[in-house]
2 protein chains.
Amino acid sequence: MSTRRDTYTPETLLEVAVRVFNERGYDGTSMEHLSKAAGISKSSIYHHVAGKEELLRRAVSRALDGLFGILTEEHARVGSAVRRLEYVTRRTVEVLVAELPYVTLLLRVRGNTDTERWALERRREFDHEVAELLKEAVADGDLRSDVELRLATRLLFGMINSIVEWYRPEARNAANGAQVADAVVQLAFSGLRTDDRPSAGDRWT
Amino acid sequence: MSTRRDTYTPETLLEVAVRVFNERGYDGTSMEHLSKAAGISKSSIYHHVAGKEELLRRAVSRALDGLFGILTEEHARVGSAVRRLEYVTRRTVEVLVAELPYVTLLLRVRGNTDTERWALERRREFDHEVAELLKEAVADGDLRSDVELRLATRLLFGMINSIVEWYRPEARNAANGAQVADAVVQLAFSGLRTDDRPSAGDRWT
């Protein structure tokens, strides 16, 4: 047990917990691990929170609040579906980058506890909102209809969510959130090609 | 210890091992877990392989052989860079779907053992080959140059690699490999928009 004075606030303790959860996995993290990482006793941690599940709930809540907050912003509510979708895509990337450890944890949640199942359910709700926008934009004729809707949604989120796997803000010359968001929007909506009308012979299968 | 007769071949034992590795993580899997999952004794497993690291090496080799095999195919070697890149993208998705558990394992490798570090190194080599194609296609003027090359490569692989997280071939109405590959190529190269020339006012930041 450390004798170091407990100078933690719920906020800074959360930061340590999220780092440990992301390193060891939530299942693989014990109160002992958290106590060691924070350099305070387990009873000091219990002074702040009821247990590790409360830390998880607070952490994923922060990520979810950031994501659902986007949907209440004006540009997510007003305008054509395709522009709202682009806006939500851009802001999702920005929130992901700004709240990187929290969204990373949210995306790694497995569903073994009530809190994890609740987080998965909320994530699905967010994905569903975006899928609805996509559907509406296809109906408007602004998005191509030859890519199946569910596949398109999966791939769009696959691209966005992959950011937590490779984005390192501390890297030299790391792109900032707005730059990553730009790249995602460009790629997802306009594609990589300068000419997006491939000739008939341009397909191999 | 099970008395069940050992009817395993190295191939079928590998299948069981890959499933367990993907479920528990390679680090979290012991020979005991493999023995239980296979329903044969540990000594029977040692009859086939030197240990779990050999099973890992065989499994990721299978994934890597599939991926590197693509680069030797004619359409990956002949033609414009952009068409070779599209071909490699399509085939990468097809190999990923065809060898789903093996590629899943490859993508989850962490780097704690020599075999894992070797697998990571080979994966980087493959990514590098694709990044070179992308670079060449940008130089040819066939791919947009306003998305930074490294970001574009990361996002392209992010989208492709996400497939192992959500694709379930056994799901009702599951798309097949060619359909998923089509969707990836359409999205990545032509984007989701029907009109890919957004007006100047179409950007929020």
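This is a short walk through a predicted model, one selection at a time.

Before you click, residues count from 1 along each chain as its sequence is written, and chains are lettered from A in the order in which they are written. Local features need pLDDT of at least 70, side-chain atom pairs count only at pLDDT 80 or more, totals for chains, interfaces and linings use all residues, and side-chain values use heavy atoms, without hydrogens or water.

**Stop 1: both chains**

Show chains A and B together. The same surface serves both copies, as 100% of the contact residues of chain A recur in chain B; contact means heavy atoms within 4.5 Å.

**Stop 2: the annotated spans**

Now select residues 7-67 of chain A, where UniProt, in an unreviewed entry, places "domain: HTH tetR-type". Such annotations may be inferred rather than shown by experiment. The span is 75% helix and 0% strand, and its end C-alpha atoms lie 30 Å apart. Helices here are DSSP runs of H or I with at least four residues, strands are runs of E with at least two, and both are numbered from the N terminus.

**Stop 3: α4 and α7**

Select residues 52-72 (α4) and 100-108 (α7) of chain A: these helices pack at about 105 degrees, with axes 8 Å apart. Axes are lines fitted to C-alpha atoms over the stretch in contact, and angles run from 0 to 180 degrees between N-to-C directions. α4(A) and α7(A) are therefore roughly perpendicular (65 to 115 degrees; under 35 is roughly parallel, over 145 roughly antiparallel, the rest oblique). Show side chains for the contact, including L56(A), R62(A) and L67(A) of α4(A) with Y102(A) and L106(A) of α7(A). By class, the contact has 10 nonpolar, no polar and one charged residue.

**Stop 4: α9 and α10**

Finish with residues 149-166 (α9) and 177-190 (α10) of chain A, packed at about 150 degrees with axes 11 Å apart. That makes α9(A) roughly antiparallel to α10(A). Among the residues that meet are I160(A) and W166(A) from α9(A), and V184(A) and L187(A) from α10(A).

Definitions and conventions. Nonpolar A, V, L, I, M, F, W, Y, C, P; charged D, E, K, R; others polar.
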